[in-house]
Amino acid sequence: DLELHLQRCQQLSVTVLTDHQDLSNTELKTITSSTAPQQYRIRAKLRTYKPQKLHQSVKLHCSKCNSLQEVPDRDDFDFILRGSAGTAPNPELQNTSWYESVTWTTQDQKQREIAIHFVKHDEMLQHPEDTLLMIEGGTLKEIWKLTKRFKCVIPVRSTEDDLELLDLSAPFLLQGNVKYYGCKQCSTPKPMKNLSSIAAEQQPSWEPTEIAQVLGIELLQYVFIMKFTLVDETGSLNAYLFDY
């Protein structure tokens, strides 16, 4: 809708920004020569906007180091999953006091070993819509199937001592069709056993912010960014939109 609206704006001879109705119109040359912050009402044309494709406006922002990064595409995630599938699940890390494990070997040529660990609450499995699970050796397709049925999915791999998160280029958590990422610079990933503290709560909610906190992850937020170039007879002005 916004993309169509912007295209329509470009076709119009004049676009009016309707905020600050109590103010008279100010020429752009006056604004560019003034010190910020000020409030103005302008009457201008929209000359260009970036990015041209709306989906490219969505970025990931870290509020701690203030960095911006592109949202990784599915090929990046798929590559990381394929790499982690080469590590076989550690049998000693299965069926612990706080999660129940199911393992099997795929029937395809690669014969991947897959392990799914269902986190328990009060020594019982929760309903699927309330369950957090961890998966080792799964493909992108298999993970998306799980996200449709279970509340939270965390891709992991085995070490000698514990389960751990994959490379932070991959989402550390998937919930429905939303992928949650952590900042590589500001995160200090912790072993998955730290999740047991949430499982022990009276009613585990499995909120992404709480999961990120116990796993030492600085959660990245999705932000929407655009740049507009506005013009009138006196000059041009770049306007930036940044919103969560």
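In which loop does Asn 66 lie? In this predicted model, Asn 66 sits in the loop between β3 and β4 (68-70). Its phi is near 65°, a positive value in a residue other than glycine. Asn 66 is also exposed, with a relative accessible area of 58%.

A positive phi also occurs at Trp 206, which is not a glycine either. Here phi is about 55°. Trp 206 is placed in the loop between α5 (196-199) and α6 (208-214). Is Trp 206 buried or exposed? Trp 206 counts as buried because its relative accessible area is 1%, and buried means under 20%. Asn 66, by contrast, counts as exposed because its value of 58% lies over the 50% cut-off. Most residues other than glycine have a negative phi, and most peptide bonds are trans.

Two cis peptide bonds can be described next. One joins Ala 36 and Pro 37, with omega about -5°. Pro 37 belongs to the loop between α2 (28-32) and β2 (43-50). Another cis peptide bond joins Lys 50 and Pro 51, and its omega is about -5°. Pro 51 falls in the loop between β2 and β3 (58-61).

The protein chain as a whole contains 6 helices and 14 strands. Its radius of gyration is 24 Å, whereas a compact globule of 244 residues would have a value near 18 Å. Along the principal axes, the C-alpha atoms fill a box of roughly 75 × 40 × 30 Å. Of the 244 residues, 41% count as buried. Contacts between residues at least 6 apart in sequence were also examined; 55% of these join residues at least 24 apart.

The surface and the charges complete the overall description. The protein chain exposes about 14600 Å². Carbon and sulfur atoms supply 48% of that area. The chain carries 26 positive and 32 negative charges. The mean positions of these two sets are 9 Å apart.

One annotated region was considered separately. UniProt, in an unreviewed entry, lists residues 75-218 as "domain: Protection of telomeres protein 1 C-terminal insertion". Over residues 75-218, the chain is 22% helix and 27% strand. The end C-alpha atoms of this stretch are 23 Å apart.

Notes:
Residues are numbered from 1 along each chain as its sequence is written. This is a predicted model: local features need pLDDT of at least 70, side-chain atom pairs count only at pLDDT 80 or more; totals for chains, interfaces and linings use all residues. Side-chain values use heavy atoms; hydrogens and water are left out. UniProt positions are given in the numbering used here, feature names are shortened, and annotations may be inferred rather than shown by experiment. Helices (H or I, at least four residues) and strands (E, at least two) are DSSP runs, numbered from the N terminus. The radius of gyration is taken over C-alpha atoms; the globule rule is 2.2 Å times the number of residues to the power 0.38. Buried means under 20% relative accessible area, exposed over 50%, partly exposed in between (1.4 Å probe, protein chains only). Contact means heavy atoms within 4.5 Å. Accessible areas come from the Shrake-Rupley method with a 1.4 Å probe; for residues, only the protein chains shown count as cover. Lys and Arg count as positive and Asp and Glu as negative; His and the chain ends are not counted. The place of a charge is taken as NZ of Lys, CZ of Arg, CG of Asp or CD of Glu.
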